[in-house]
Amino acid sequence: MGSLKTNRVFLIASLFVLAIVLVCSCAPKTRTAVGDMDTPKHHLNAAMKSLDQGQYAAAVREFDLAISLDYKFSQAYTGKGLAMAFLNDMKSADELFSKGWKYADTDEDKVFYHVAKVRYYTLLKKQDSKWLKRAQGEFEDAVKLQPKSAAAHYFMGKAYKNAYEFETARDMFKKVLDLNDSYLKDSDEEWRLMDKIQRAMPGTENGKRIALVESITRADAAALFMEEMKLDVLYKKRTPPSFKTDFVDPEKAAARKSGQPQLPSDILDHPLRADMEGVLKLGIPGLEAVGGKFYPDDKIRKGEYAMMVVDVLMKITGDSSLATRNFEDKTSKFSDMRTDQAFYSAALLLVTKGIMEMKDPMRDEFAPLDTVAGADALLVIRKMKDEYKIY
């Protein structure tokens with residue numbers, strides 16, 4: 001009997017030891033650091049820098065190095081989850097976010113998690129109709145724990161920017177500047193952009209979208225003229241109607257109609273096709289078809305845009321002298337343009353009127369070959385409307 005009891009105790013003890021061994025063998029193995037800089041925090045910082053620069057594979061590598069040193073490092077799992085979301089691996093992202101939250105023992109870990117989820121939901125803008133509401137929830141959770149979190153305010157500002165809620169976004173970026181902690185340079189640039197867009201007051205969905213592009217295309221320019229300026233309506237209002245009273249042979253009229261040029265082949269399936277059709281019908285110089293194509297994705301240069309704007313003004317005001325008004329003085333007012341260049345007169349007129357801005361007033365540079373940002377293109381239209389009372 002005693003032997004049986006002894007064997008039972010021995011079996012229980014053996015099972016207990018085996019369980020401990022199994023648990024230990026299942027736990028992730030951590031590696032030994034190979035230098036003073038080989039720390040979880042250092043790899044996290046390097047990973048976040050790569051993430052913000054769009055180098056997602058490099059970020060994943062650094063997150064993995066951090067985890068290999070500390071398998072319960074919450075922020076590394078959370079950060080890697082965000083990187084995988086940028087790489088469009090949403091299944092892995094969700095699993096990693098779960099681990100990040102599981103190991104979040106401190107307020108710092110939790111705030112890091114909530115901010116990452118703000119960025120995650122912003123990324124899901126096109127797939128989730130409730131993305132902004134979800135992002136707002138994560139932001140609120142973050143600032144409950146850390147009211148002065150610059151990261152939370154900055155990335156929530158980016159979320160509002162992507163939702164085209166520019167005034168609220170501007171307030172968020174201003175808060176970051178007031179906190180005077182991190183993201184100062186980026187927030188200052190974003191605040192200035194939001195302020196410019198607010199002054200431009202885009203009134204259409206396409207106008208708001210174009211406000212955020214770094215360089216507008218020919219298709220974008222067409223959309224701005226047709227939707228933000230409503231050029232077709234303006235031209236109709238300001239162009240006196242002409243009536244033809246001569247007899248027209250029906251057969252000849254039908255022949256002329258059937259012989260009309262076809263639409264450029266490269267705009268047929270374009271989302272902004274209607275706008276490009278509109279400018280083609282109005283005949284805006286610089287936005288014509290060339291060789292049967294419109295080239296909708298070609299970037300617009302600043303000098304080209306100036307010429308388009310002045311041509312629109314001539315048609316609206318009926319003042320054809322706008323195109324040649326500045327030819328009397330043969331001395332260029334710009335250090336980077338000659339007076340005989342095609343866009344010189346248009347640029348000078350618009351700068352003089354305060355409708356367009358110099359790139360560098362101190363050096364008299366207009367930069368006619370620079371591309372045009374969406375916010376700048378919109379602001380030009382707003383100033384043109386105000387200057388010439390176009391409503």
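The second largest pocket has a volume of about 450 Å³. Of the 22 residues lining this pocket, Met48, Gln75, Phe112, Ala151 and Tyr183 are the closest to its centre. The model is predicted.

**Second largest pocket**

- H2, helix H4 (74–86), H6 and H8 each supply at least two residues of the lining of the second largest pocket.
- H6 provides the largest share of that lining, with six residues.
- By class, the lining of the second largest pocket has 11 nonpolar, five polar and six charged residues.

**Largest pocket**

- The largest pocket holds about 1000 Å³ of space. It is lined by 29 residues, and Thr122, Lys158, Lys161, Asn162 and Glu190 are the closest to its centre.
- Five helices each supply at least two lining residues: helix H2 (40–52), helix H6 (107–123), helix H8 (150–162), H10 and helix H11 (205–211).
- H8 gives the most to the lining of the largest pocket, namely six residues.
- The lining of the largest pocket divides into 15 nonpolar, three polar and 11 charged residues.

**Packing of H10 and H18**

- Helix H10 (residues 184–200) packs against helix H18 (residues 374–387) at an angle of about 30 degrees, and their axes are 8 Å apart. Because of that angle, H10 is roughly parallel to H18.
- H10 and H18 cross with left-handed geometry.
- On the H10 side, the contact involves Leu193, Lys196, Ile197, Arg199 and Ala200. On the H18 side, Ala375, Asp376, Leu378, Leu379 and Arg382 take part.
- The residues of this contact comprise six nonpolar, no polar and four charged.

**Cavity**

- The count comes to one cavity of 30 Å³ or more. The largest cavity has a volume of about 30 Å³.
- Ala200, Met201, Glu228, Leu378, Ile381, Arg382 and Lys385 line the largest cavity.
- H18 contributes the largest share of that lining, four residues.
- The lining of the largest cavity has four nonpolar, no polar and three charged residues.
- Ala200, Leu378 and Arg382 belong to the contact of H10 with H18, and these residues also line the largest cavity.

Note on methods. Residues numbered from 1 in each chain as written. Predicted model: local features only at pLDDT ≥ 70, side-chain atom pairs only at ≥ 80, totals over all residues. Heavy atoms only, no water. Axes fitted to C-alpha atoms, helices over the stretch in contact; angles between N-to-C directions. Parallel < 35°, antiparallel > 145°, perpendicular 65-115°, else oblique. Left-handed = near helix turned anticlockwise from the far one by under 90°. Contact = heavy atoms within 4.5 Å. Nonpolar A, V, L, I, M, F, W, Y, C, P; charged D, E, K, R; others polar. 1 Å grid on protein atoms, 1.4 Å probe; cavity = no way out; pocket = protein on both sides within 12 Å on 5 of 7 lines; lining within 4 Å. Points joined across faces, edges and corners; volume = space filled by probe spheres on them.
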